[in-house]
Structure formats: C-alpha cells, structure tokens
Amino acid sequence: MRFGWPGTFMHTITTRPVSEKDILSLPLAKKVGQLCCPILQASSLLDYLRTIVAECGVAFVRYCPNAYYDNQSRLVCDPSPYLTPQKNAALLNELQALSLEQGSGLPVFVGIDQEGGTRNDLNRYGTLVFGSHMSFGCADDPALTEETARLTGLQMRALGINLIQAPCTDVFQFAGRATVKATSFGEDPALVTRHALAMMRGYKRAGLAVMIKHFPGYGATAVDAHKGIAEIRKPLDELEALDNRPTRELLAAGADAIMIGHAIVPAMDPGRAPASMSHAIVHGYLREKLGFDGIIQTDALRMNAIHDNYGTAVASVRAVQAGCDVLLLRGDVNHFLDGYRAVYDAVKSGEISEARLDESLLRLHRLRQRAGLYETAFVQPEKAAAPFASEDARRCAQTLADRSVVVLRDDAKLLPAKIGAGARVAVISPKPQKLDGANDPIQSEDMLIKAVRERFPNAAGVLTELVPTDANIAAARAACAGADFVIVGSINAINFARQPELVSACLDSGKPAVVVAMESPFDLEKYPQARTCLCTLGASRDAMTSAIKIITGELQPTGRLPVTLKN
C-alpha cells in the first residue's frame, strides 16, 4: 500500500452514542491505524503526527512532554518548549479535535509513563514527582500510595492525559538486573501486589485508565530489552508463585490494559518467541488462562531486542497475530510507518484477518466506554493549573519523601552531622538521567546541590556529567580539598561508568563525607569503602530535601528498604 488514500473518514462531533457498528465500519486503513501507537515528544502537533492521526486514524498516542529521547533515553535535541498547564491542555484538546474531525472520528487515548523521578514523561509545572516505585515499598503505607496516585492522576487528567502506563508490577530480584534501578516496589510479591493495587485505585479515582506493566516481569531478567534479548529461565511454578502474582491480582481487580515486554520465557512458551510475539503467552496465558479481555499493548518495538533480531515490520505483524491490541511504535515517522504498512499489507494478503483487527477495535471501544472517554475527551484548559498548585499534592510528595529516604550505612557515626555555621561544605552530584529534558526549575539536574544550599547557602557545588569526565573528577577533588564536610551523590552508579571513581575521589579527600545514592540502593555495592551512605530511592527534589534533613538531624529516618543488599 502507499501512505495516503483518497477520501477521509469523518464523524460529525456529536453526542450520539458510538455503536459497535460505527467502530466496525471504519475503513481498513484506519482499522490498522487503531492498533498503531505513535509518540508525541513536542509542545505542538508536528506535521507528521497530524498526518498520522488524520490518515491512519490512530487510537493511542504516547505522550512525552519533556523532550525527544532516543532508544537509550538520551536527549536528541533541545528540550521541548515549556508550556503552561493551560497551554498543555489546549494542545491535547487540539489532538482530540484532529482525531474527531479528520481522523477516526473517535477520541484518542493519550498515555504517559510516570514511574517516578528519572523515569517520568512529565517533570514540569510543579508536578507531584515521587522518587520511584521503591519509595512506596519503603514507606509501606498503601493509603499514602493511593493518595499520591490520586493527586498525580488529577494533574495528568487536567492536562488531557487519560491513560497512565503504571503501576509497575515487576517483582525485584537484583541478580544483575541493574536497569530496574528502583522501579519496582520491592522483592516481596505480596508487598508489590499491595502497593500496585493501591496505586491503581488512586489513578482510577482520578479518572485515568490504567495500563499495568511489565509482563512478563522484568525483575528477574539480566538483560534490558532496550539493549538486547532478555530471557527468564525460571520454572512455571516459581513464576506463578512470585513474578506473575501481582499481574494476576491486578488484572482480576480491574486493570484496563497491560504492557507486554519482549522477554523470552521458555516455561510459558517452549517455542521461545518473545512475549510480545508469543501466541502462547498473549492468547494462551493472558486471554485464556487469566480471562483478560482488556487491552494488551506491546512495549516499544524500537528496542534493540526487536530492532536487531526481527525488525519493526516482522515484529508488528507477529504481535498482532499473537493477539496484541496496540503496537507501541514510539520512534520516528519511518519506524511508525514500517509497522503500520506491514500490518496493513498482512491484512490485504490474508496473513492477518480483518476479524482479528475487529477484536482489538471492539476492546478499544469498550475501554473508551468504561473510561467515559466518549464524554470526557476534551478538558477545560482554564482549570488545568489548579491541581498543580494543590497544597495537598505538595504535602503528599514531601511526606512520601520523608518516609522513604533510608540510611544504608553509618559506620563512621557521622549522623546526625555536626556541621558548624561557618563550616565549608562541598556537594558533588552527577546529572540525573533524562532531567535535562525536563528543563524545570524544581525537577532540575542540580536538585541535590540546591537542596544542600538551602541549608548551607555558601556550599561549593560541582555538577558532573552522568558519566563523569576527567575534568569533572578533578573539580570534585579540588572542591573536597577545600571543604570541611563533603556530600557526594551517585545516580545509578550500577549502570554508569566512572561514578564509583567520582565517589572514590571525594572519599579520598579524608574529609567527613556522606554519599547519597539518588536512585538505586545497589549503588552501595560500587563503593564499599563509603562508611556513611543514604539512599533517596529516586531523583525527586523532595527526596533531596529529606536526605539533607536526615544528614543534619532534622528528620529521623523511618523507612525500611524493601530489597536485600548483599552487605
């Protein structure tokens, strides 16, 4: 097929109910588009996205307001222009109007990732940013988890976002799985289930549709699908008892959708197809065994696990054949069209039946009905700012942070630190990943330095690259040499080379020093010589404030780490 065809299918914007007959009367080009999800990583509707929405009739758009990122979460160009909540809401209203007037004639699901800290698609406008899923496991207060999700959900919904890709139901088992960082609630499946259910309740109370992830759980894989093929080698009985338990319970409790990853699970599919392309897992396990008839969306099909081994076209066709309803084609326009055209051509050739497409279209229709999307696709821009100014949201974020910053080690007996009024304090921090795209004065790359300077205004600050350079390390050494007390951060040193070297350079100064692991507690294993260490379990400004309060004795740590460290 060619991209573009004569005529445009349109519905008049009307209050009349949308029927199954309306859905099934979509032309094939737009039926296929309903299964294909592009990404909006900009502050305006770019021309290629307008064309995709209008001509392909997409049902899902993944939204990332901060910036455009590549497959390794690196900023590709400048951050997207910073909007106000009002303008952001108007932008998403424009997207809905485009779909209704020129596209499928149906409202669009606008989905967002908000996993916490560095794994948020939105870190602007004073958004309620929690550190990570693990921070909830550390505080272990399901009521706090639910309220945090509700208040976050109200902010998202005010902008016109109507679906959230959370909670994460992965059960954490470190064993080399460095890329999970602090994204899991913890290692106990009962704790993960408890907090995932609470988070789902909160988001639903705010009016969001909920897509849980990831299935199969990434907590037991040693390879990140962004970088290669992951394989889960556990027997089925162990998977059912541990890894699959949260998924089963959330689907039974009313999760609207699930994101399926690309891991190979021989115990569930002896044919060793990646889960996203496995009929045995998608249809046999999720549909038949668990009885789930909601939306199944693939994880990103641009990940190296797919790109290097199958390619977008082959993977898209096989995922639809397996039973997936939505293909996450979150790359550039060529990536989207590779997947879209492959599925269209497969239907035309009979490789995929049109009846198979209709199954997914009707599931999307039923989710629009449950979520009230036919009535609430448009939001009121003039009211969009209010949830971001909520004092309840501010208090909730700080309460969670205060209850989830933990002391990992204090062999040096430094805490609480006795830092005199005239003491020279040095603070050294790598730039947290992806916060360059936020371009936000609160969720900023130098949030640890700012938090220290709120308490010690004359502190010397050194902000380094995520992978520190020789010049960064030299500047850190110099700052520590002139200091009486040192605070040095790491941000997932388990993944980024030379951060342990940066920490060592600061500790070698011989000055009293506290290391703050700003996300993964497993950073501690990379600098075993550190005698006093805290972990914030996520890069949020509130968590940095809590860490400084613990260092100075203004706050007593109460959280309990929900994972086991080697030492």
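Aspartate 113 and lysine 213 form a salt bridge in this predicted model, with 2.7 Å between their closest N and O atoms. Aspartate 113 sits in the loop between strand S4 (109-112) and helix H5 (133-139), while lysine 213 belongs to strand S6 (residues 209-215), so the pair ties together parts that are 100 residues apart in sequence. The count of salt bridges comes to 37. Between domain 1 and domain 2, however, that count is zero.

**Overall form**

- The secondary structure of the protein consists of 21 helices and 15 strands.
- The radius of gyration is 24 Å, close to the 24 Å that the globule rule gives for 567 residues, so the protein is as compact as a globular protein of that length.

- The domain assignment gives two entries, domain 1 (38-386) and domain 2 (405-552).
- Domain 1 puts 29 residues into the contact, and domain 2 puts in 27 residues.
- The centres of the two domains, taken over C-alpha atoms, are separated by 33 Å.
- The size of an interface is often given as the accessible area lost when the parts come together.
- For domain 1 and domain 2 the buried area is about 2,200 Å², and carbon and sulfur atoms give 59% of that area.
- On the side of domain 1 that touches domain 2, the residues divide into 14 nonpolar, 12 polar and three charged.
- Five residue pairs are in polar contact across the interface of domain 1 and domain 2, both residues being at pLDDT 80 or more.
- How many salt bridges are there between domain 1 and domain 2? The count is zero.

**Backbone geometry**

- Most residues other than glycine have a negative phi, and most peptide bonds are trans.
- Phenylalanine 215 and proline 216 are joined by a cis peptide bond with omega of about -10 degrees.
- Proline 216 lies in the loop between S6 and helix H8 (236-243).
- A cis peptide bond also runs from leucine 415 to proline 416, where omega is near -10 degrees.
- Proline 416 is placed in the loop between strand S10 (406-410) and strand S11 (425-430).
- Lysine 413 is also found in the loop between S10 and S11, and its phi is near 55 degrees, a positive value in a residue other than glycine.

**Contacts of alanine 497**

- Where is alanine 497 placed? This residue lies in the loop between strand S13 (485-490) and helix H20 (499-507).
- Alanine 497 and valine 467 are 30 residues apart in sequence, yet their C-alpha atoms are 5.8 Å apart in space.
- With residues up to four places away in sequence left out, alanine 497 touches Val467 and Pro468.

Definitions and conventions: Residues are numbered from 1 along each chain as its sequence is written. This is a predicted model: local features need pLDDT of at least 70, side-chain atom pairs count only at pLDDT 80 or more; totals for chains, interfaces and linings use all residues. Side-chain values use heavy atoms; hydrogens and water are left out. Domain bounds come from an automatic or database domain assignment. Contact means heavy atoms within 4.5 Å. Buried area is the accessible area (1.4 Å probe) that two parts lose on being put together, summed over both. A salt bridge is a side-chain nitrogen of Lys or Arg within 4 Å of a carboxyl oxygen of Asp or Glu. A polar contact is a pair of N or O atoms within 3.5 Å; within protein, one must be able to donate a hydrogen and the other to accept it, and residues adjacent in sequence count only if both atoms are side-chain atoms. Ala, Val, Leu, Ile, Met, Phe, Trp, Tyr, Cys and Pro count as nonpolar, Asp, Glu, Lys and Arg as charged, and the others, Gly among them, as polar. Helices (H or I, at least four residues) and strands (E, at least two) are DSSP runs, numbered from the N terminus. The radius of gyration is taken over C-alpha atoms; the globule rule is 2.2 Å times the number of residues to the power 0.38.
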